[in-house]
Amino acid sequence: MEQPQLRALEALCIQEEQPFCTAACPLHVDVRAFMTSLAKGDAREARRILDRTMPFPAILGRICDQPCRPFCKRGEIGDPLAIGRLEQFCVRTTQTVVKLPKLPAKEGKIAVIGAGLSGMTAALDLSRKGRPATLITSSGSLGGSLRDMDEAIIPKEAFTEAEAILQGYGVTLQTGTALDGQAVEALMAEYDAVYFDWDDFESALLPFSPGKPDPLTLALGRDGCFGGGGIEADKPFSPIHQAENGRRAALSIERFIQKVSLTAQRDKEGACSTRMYTVIKGIAPAAEIVPAASDAGYTPEEAQREAARCIRCECLECVKQCVYLQEYKEYPKTLIRKIYNNQAIVQGTRNANKMINACSLCGQCTVICPHDFPVAEVCRSTRMEMVDTGHMPPSPHDFALEDMRFSLSEYCSLNRHQPGTENSAYLFYPGCQLSGSAPDSVKKSYGFLTANLQGGVGLMLGCCGIPAHWAGRTKLFSETMANFKAEIARLGNPTVITACSSCLSVFKEFAPELKSTSLWEVLDTLILPEEASKPAGPLTLHDPCTARDQRAMRDSVRSLCAKIGIEVVEHEYNGELADCCGYGGLMQFANRSLGEKAVRRKAERSDLDGLAYCAMCRDNLAAHGRPVAHLLDYLFTTTDQDPLTRSNPGFSRRHENRARLKNELLADLWQDSAVVHPPHTTIKLLVNQELEDLINSRLILMEDLQKVIHHAESTGEYLFNPASKRRLAKLKPVRVTYWVEYEPTDKGYLVHRSYSHRMILPEDQK
């Protein structure tokens, strides 16, 4: 990833955009943080927030005209926050907490003529930047028109404090200075830049006609002259506008002294727009807390209750639903930065590898994001780049890729025309996961299609290669797709009918020249089988994440449910917003605990029993205690067992089911007895359920145990414990070493325990 690409991606994420109140505030006070502190009862921290941004909080905090209030999101569901009243409470009950540092002195001689709030702010900001200004007023004190306010609103002490603050930053105060046209002309000649605060200075005294200041820079018609703080006749007096003018002028003068552009990159000064996106659905309305004693203002308890009404505007809509982003405590902008930094490492540990591999690549966050941030595509392309450059260890995805290779091996793969035909108008492609989960449903579905479709229905067993695509194994995926296309061409380019939404998504994206459709769309056009059944009550339908962009498939599923009488209950995160069950992107292999969180999140979308039409969704949900049936279980009833009680087959039985399915189809349909069985399959295992569940969680297959024992018994390479009569053997077929502790019995080999590792032992190096 190059820097321009990183910047473009970062710009899509709006989490760091200003909330609506802060954007509407000309001074950009962090109202959200201010409210958060007050809601905790921490007025001192709230004052710290004001001190950082608001000039002279003891004055401005008492008279803030709160232009931010009309933009308060809380106002859309009740009363907006009483921001001004809370600022009054804060400055009334606290003292200054933060004194901002002063930068070293710089060149430039600056005068501020007029000591209203605008001039005071300009002098303060310039002095903080190391350019101490001279503040000149014909009045005897600071404040401009603020001096006319009742002391009950602004006590005299606030002006005394403001004077001390200015002097503390090195501002020279000249009060009671006679100002006429000649005096002003002399000042403009003496100083490098001059700011006129028209709240405390008559513009008629200028020796030239300034006209209106430039709204962006406040520049007047003479170099080095700036003006602002005027009170417009048709608008009410705005203290915040006064202070913002002073701050804007200070920045313009700073740029003028430095001889740089006065206008570049100033779009975020003053009140501005924001791209912030905040959902208020589900937030209860709440009325404004009104002080019991209105003259005295809020009590601490009242202020805390009012601040607690703030909804803390932020986006994070993707994070609220994505267990992956929650797990790693990231939002898209910070995630992409970590990925970029991880890729940029030349020497050192790439700590973000697991995070990159753990994304389910489901795309739900992109759909939720108002700017379509492509988290999934970034993670997938990063995996691909790191695999290609040798920076991504193979271990996280090894098991899934070996599972894929087994599905494509001679033991499972099949590609034939319908028995008795030499042409195929259609090709049924159930996918590797349905073949492993419910092989009888595959046989029933194929029989139904051959009986109801004309022109011949071929059958292909295998894997579409999506695990390689998810793992970033470009070469392996390309080879798989090329072989798939070649086999389709050999059969005469029939229409591919797939039961798997993942397969269909791959075909649509990487083989668009092929004709492909879903099993559900085809079944929806046919008269359904007589044995179709329905559950006793309503079921929650769970769309798979890979059906997100396949509206026709989703509609057909719902149509089929209606036709056979299944009452479907939808939840909010279906359709385009569907969750991943933890299998997508190979999440459950890269981060097992996160995969379990993902499936629990999907299962907990409803308290009802579930219905799925993705084999992995069904099995993963079933494995986590949620009764879930597959739609084919009802369309093609194969046993008297309740479809909701069908167990999760686990990885081992999936392998066995795929191999058995091929052999049975060959024998039953094509009368082909040329079945190949690997030699280790003759090993009969005796494994209790507890151990079977354990080795399944460790991604160890029963077939792996058979291989180890077969190798040990064939070669005599095992350790023997005379006391227990048990044998301990190991085998390293590829990268993983498997260990099995077992003992021979007259009924088979009794397995006591099994584990695996990736260590390289000394004898492995010989």
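This is a predicted model: local features need pLDDT of at least 70, side-chain atom pairs count only at pLDDT 80 or more; totals for chains, interfaces and linings use all residues.
Strand 7 and strand 9, which covers residues 495–498, pair in the parallel sense over four bridges.

Now to a pair of helices. Two packed helices are described by the angle between their axes and the distance between the axes. How do helix 27 and helix 28 cross, and at roughly what angle? Helix 27 is residues 592–603 and helix 28 is residues 615–623; their axes come within 9 Å and cross at roughly 95°. An angle of 65 to 115 degrees counts as roughly perpendicular, and therefore these two helices are roughly perpendicular to each other. On the helix 27 side, the contact is made by Val 599, Lys 602 and Ala 603; on the helix 28 side, by Cys 617, Asn 620 and Leu 621. Those residues divide into four nonpolar, one polar and one charged.

Last, helix 32. This helix spans residues 702–715, 14 residues, and reaches 20 Å from its first C-alpha to its last, close to the 20 Å expected. Which residues of helix 32 are buried? They are Met 702, Glu 703, Asp 704, Leu 705, Gln 706, Val 708, Ile 709 and Ala 712. After helix 32 comes Gly 716, with a positive phi near 75°.

Notes. Residues are numbered from 1 along each chain as its sequence is written. Side-chain values use heavy atoms; hydrogens and water are left out. The expected span of a helix is 1.5 Å times one less than its number of residues. Buried means under 20% relative accessible area, exposed over 50%, partly exposed in between (1.4 Å probe, protein chains only). Two strands pair if DSSP finds at least two bridges between them. Axes are lines fitted to C-alpha atoms, for helices over the stretch in contact, and angles run from 0 to 180 degrees between N-to-C directions. Angles under 35 degrees count as roughly parallel, over 145 as roughly antiparallel, 65 to 115 as roughly perpendicular and the rest as oblique. Contact means heavy atoms within 4.5 Å. Ala, Val, Leu, Ile, Met, Phe, Trp, Tyr, Cys and Pro count as nonpolar, Asp, Glu, Lys and Arg as charged, and the others, Gly among them, as polar.
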